[in-house]
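Here are a few friendly notes to read alongside the model. Keep the picture open and find each element as you go.

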Amino acid sequence: MLSDTFTIADQPKFFGRRKGRTIHKAKSVLLEKFLPRLRIEKDKPLQMNKLFAADIKKIYLEIGFGSGDHLAGQAGRHPEIGFIGAEVFQNGIANLLSLLTGIKEGKNLPEQITLLPGRRDNIRIFDDDIRLLFSRLPDASVDRIFLLFPDPWPKKRHASRRFVNQDNLRELARILKKGGILRIATDHPVYKTWTLRQMHTCPDFRWTATCGRDWKQEPADWIKTKYQQKALSEGRRPVFLDYERL
Ligand SMILES: C[S@@+](CC[C@H](N)C(=O)[O-])C[C@H]1O[C@@H](n2cnc3c(N)ncnc32)[C@H](O)[C@@H]1O
């Protein structure tokens, strides 16, 4: 049975960072005043059909959106799609809000904070560990999932922290519609091998690649992420793995 709420005792352990360097004035204001408008509340029932305007029929989910460049970019390109973004890192969430509103500076902040002109209200933010949202997402409710450059946790003793694991894949398979795509990108050789193995043993997904180019080159609809740019500048070549939900 799906439950609408959870208790502290149910919380899975999160090993990443929740806060980084100081969040400057404008971004703190965005977190305080604008995030509540887009936030998926943790302790309220989730009504999927009320999250977005009635004409939005498809939902894409981005897990660990980091600074939000990909999420903001995809949502801008696809006003007809509703996007759920999950991120724990406060500085990243603040950056996404800055991209959506155009507010970067602390001076002359407007009385009313709004989305940039021309931007549709098609992003909702879960500002915590996505695993806390899983039980509230109905079966086959999402059309596409992006998991871009998940923390690699390359040391063997940290392998249990890797997001791609059979428990999470079961949840992703459950919420993804048949024929929907789960896209995983990574620049880390350990995580690449790990992901290929984990996905291979998961009966719910089929790798769509038919040749090297399909996974070594950016997909046509790709938008570069901050982490990817860092990887490229340090000489690491990412791979892009698309899996179809069977
Ligand atoms: C290596 S960063 C990549 C960020 C972004 N996707 C990019 O490519 O620039 C991984 C991000 O995933 C977030 N993350 C890790 N586990 C998560 C979880 N269970 N739920 C939500 N976000 C998560 C982290 O906070 C971090 O910002």
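1. Let's begin with a term: two strands count as paired if DSSP finds at least two bridges between them. Keep in mind, too, that this is a predicted model. With that, look at the sheet: seven strands form an open sheet in the order 3-2-1-4-5-7-6, and the pairing is mixed. Strand 3 (123–126) and strand 6 stand at the edges with a single partner strand each, so one side of each has no neighbour in the sheet. On average, and ignoring direction, neighbouring strands are turned by 20 degrees against each other.

2. Next, follow strand 1 (residues 58–63) to its two partners. Strand 1 and strand 2 (residues 81–86) run parallel and are joined by six bridges; here Tyr 60 stands opposite Phe 83 of strand 2. Helix 3 (residues 69–77) packs on the sheet and touches strand 1, strand 2, strand 3 and strand 4, while its direction makes about 170 degrees with that of strand 2. Strand 1 also pairs with strand 4 in the parallel sense, over four bridges.

3. Is strand 4 (residues 142–148) largely enclosed or left open? Six of its seven residues are buried, so the rest of the structure largely encloses strand 4. Strand 4 and strand 5 (residues 176–186) are parallel, with six bridges.

4. Now for helix 6 (residues 166–175). Its buried residues are Leu 169, Leu 172, Ala 173 and Ile 175. They pack against strand 4, strand 5, helix 7 (189–200), strand 6 (205–207) and strand 7 (239–245).

5. How do helix 1 (residues 25–38) and helix 4 (residues 90–101) cross? Their axes come within 9 Å and cross at roughly 80 degrees; helix 1 and helix 4 are therefore roughly perpendicular to each other. Residues making this contact include Leu 30, Leu 31 and Phe 34 of helix 1, and Ile 93, Ala 94 and Leu 97 of helix 4. By class, the contact has seven nonpolar, three polar and one charged residues.

6. Finally, visit the ligand. It is surrounded by 23 residues, the closest being Gly 64, Gly 66, Phe 149, Thr 225 and Tyr 227. Sorted by class, the shell has eleven nonpolar, seven polar and five charged residues. Helix 9 (residues 226–233) supplies the largest share of this shell, three residues.

Key
Residues numbered from 1 in each chain as written. Predicted model: local features only at pLDDT ≥ 70, side-chain atom pairs only at ≥ 80, totals over all residues. Near = placed C-beta within 6 Å. Helix = DSSP H or I, 4+ residues; strand = E, 2+ residues; numbered from the N terminus. Nonpolar A, V, L, I, M, F, W, Y, C, P; charged D, E, K, R; others polar. Axes fitted to C-alpha atoms, helices over the stretch in contact; angles between N-to-C directions. Parallel < 35°, antiparallel > 145°, perpendicular 65-115°, else oblique. Contact = placed C-beta atoms within 7 Å. Buried ≥ 20, exposed ≤ 12 C-beta atoms within 10 Å, placed from the backbone.
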